Amino acid sequence: MAELAGLEDPKARAVNERHGDDHGVNLGKLRALAKRLKTRQDLAYGLWETDDTAARLLALLICRPKAYGRDELDAMLRGARTPKVHDWLVNYVVKKNPHAEELRVAWIADPDPVVASAGWALTTERVAKKPEGLDLAGLLDVVEAEMKDAPDRLQWAMNHCLAQIGIEHAELRARALDIGERLEVLKDYPTSPGCTSPFAPAWIDEMVRRRAEA
């Protein structure tokens with residue numbers, strides 16, 4: 001904890017706080033510290049229990065993803081107060097855990113929109129890597145009905161899933177593009193030069209074009 005406190009950078013904190021994250025540690029330095037520590041599950045448990053955002057991010061980098069039980073991960077997600085902890089927990093731990101599919105099904109139907117967004121993130125992963133058994137048309141039905149009025153984090157996760165379906169599944173691309181055009185979610189999102197817009201139709205078109213050129 002003392003070492004993490006020593007990595008505190010006011011500029012990093014200012015940037016992070018604009019994104020809802022209450023820590024001031026440069027993530028590159030945090031990763032370097034994790035690389036030095038290597039995998040330390042006991043330390044990861046202790047760091048998580050501090051409820052400190054930087055400590056929890058470090059815990060997620062040094063833990064063994066398969067060491068956690070289903071209910072443990074569910075409680076961790078519900079207690080993840082900040083967007084970065086939530087994202088790293090889903091991407092670095094839950095996706096590598098044997099309970100990922102069970103949690104995906106439970107979370108996507110959860111009434112808490114932040115929990116539901118984790119379910120959508122896991123679903124997007126399956127759309128790209130293991131779509132067998134997914135009701136892709138049904139997912140588009142839900143996106144079409146609910147994405148426009150969904151809270152920000154849930155809307156973002158649904159939009160990513162919409163784009164992924166359009167990118168990966170040519171037979172559903174026209175419908176995905178149509179949904180995106182009609183709902184106009186993230187159409188005016190500020191995008192840096194050289195970056196792909198998160199507006200689903202633009203995202204789908206750009207990724208399909210790149211693959212065609214590859």
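Thr191 touches Thr196, Ser197 and Pro198, leaving out residues up to four places away in sequence. The structure described here is a predicted model. In this model, Thr191 sits in the loop between helices H12 and H13. Thr191 has a relative accessibility of 33%, so it counts as partly exposed. Its C-alpha atom is 37 Å from that of Arg70, and 121 residues separate Thr191 from Arg70 in sequence.

Leu186 is also placed in the loop between H12, which spans residues 170-183, and H13. The phi angle of Leu186 is positive, near 65°, in a residue other than glycine. Leu186 has a relative accessible area of 16%, and it is buried because that value is under 20%.

Helix H13 itself covers residues 200-213 and contains Arg209. Arg209 is partly exposed, with a relative accessibility of 37%. Between Arg209 and Asp87 there are 28 Å from C-alpha to C-alpha, and the two are 122 residues apart along the chain.

Helix H5 spans residues 53-62. Of its 10 residues, 9 are buried, so H5 is largely enclosed by the rest of the structure. These buried residues are Thr53, Ala54, Ala55, Arg56, Leu57, Leu58, Ala59, Leu60 and Ile62. Which helices do the buried residues of H5 pack against? They pack against H1 (2-6), H3 (27-37), H4, H6 and H7.

The packing of H5 with H7, which covers residues 83-93, can be described by an angle and a distance. The angle is about 5°, and the axes are 10 Å apart. H5 is therefore roughly parallel to H7, as angles under 35 degrees count as roughly parallel. On the H5 side the contact involves Thr53, Arg56, Leu57, Leu60 and Leu61, and on the H7 side it involves Lys84, Val85, Trp88, Leu89, Tyr92 and Val93. Sorted by class, this contact of H5 with H7 has 8 nonpolar, 1 polar and 2 charged residues.

Arg56 belongs to helix H5. Is Arg56 buried or exposed? Its relative accessibility is 10%, so Arg56 counts as buried. Arg56 also lies over the face of Trp48, at 4.1 Å from the ring centre. Apart from its neighbours within four places in sequence, Arg56 is in contact with Leu47, Trp48, Asp51, Gly79, Ala80 and Val85. The C-alpha atom of Arg56 is 9.0 Å from that of Tyr45, and these two residues are 11 apart along the chain.

Asp51, one of the contacts of Arg56, is found in the loop between H4 and H5. Asp51 is not a glycine, yet it has a positive phi of about 65°. With a relative accessibility of 35%, Asp51 counts as partly exposed.

Gln41 is placed in helix H4. Its relative accessible area is 9%, so Gln41 is buried. Leaving out residues up to four places away in sequence, Gln41 touches Ile62, Cys63, Arg64, Ala67 and Tyr68. Gln41 and Leu61 are 20 residues apart along the chain, with 10 Å between their C-alpha atoms.

A pair of aromatic rings is described by the distance of the centres and the angle of the planes. The count for this model comes to 3 aromatic pairs. In one of them, the ring centres of Tyr45 and Tyr68 are 5.6 Å apart and the planes stand at 75°, so the pair is edge-to-face. This follows because planes over 60 degrees apart count as edge-to-face. Tyr45 is partly exposed at 31% relative accessibility, whereas Tyr68 is buried with a relative accessible area of 5%.

The table gathers accessibility values for some of the residues described above.

| Residue | Relative accessibility | Class |
|---|---|---|
| Tyr45 | 31% | partly exposed |
| Asp51 | 35% | partly exposed |
| Arg56 | 10% | buried |
| Tyr68 | 5% | buried |
| Leu186 | 16% | buried |
| Thr191 | 33% | partly exposed |
| Arg209 | 37% | partly exposed |

Terms used:
Residues are numbered from 1 along each chain as its sequence is written. This is a predicted model: local features need pLDDT of at least 70, side-chain atom pairs count only at pLDDT 80 or more; totals for chains, interfaces and linings use all residues. Side-chain values use heavy atoms; hydrogens and water are left out. Rings of Phe, Tyr and Trp (its six-membered ring) pair if their centres lie within 6.5 Å; planes under 30 degrees apart count as stacked, over 60 as edge-to-face and the rest as tilted. Helices (H or I, at least four residues) and strands (E, at least two) are DSSP runs, numbered from the N terminus. Buried means under 20% relative accessible area, exposed over 50%, partly exposed in between (1.4 Å probe, protein chains only). A charge sits over a ring if NZ of Lys or CZ of Arg is within 6 Å of the ring centre and within 35 degrees of the ring normal. Axes are lines fitted to C-alpha atoms, for helices over the stretch in contact, and angles run from 0 to 180 degrees between N-to-C directions. Angles under 35 degrees count as roughly parallel, over 145 as roughly antiparallel, 65 to 115 as roughly perpendicular and the rest as oblique. Contact means heavy atoms within 4.5 Å. Ala, Val, Leu, Ile, Met, Phe, Trp, Tyr, Cys and Pro count as nonpolar, Asp, Glu, Lys and Arg as charged, and the others, Gly among them, as polar.
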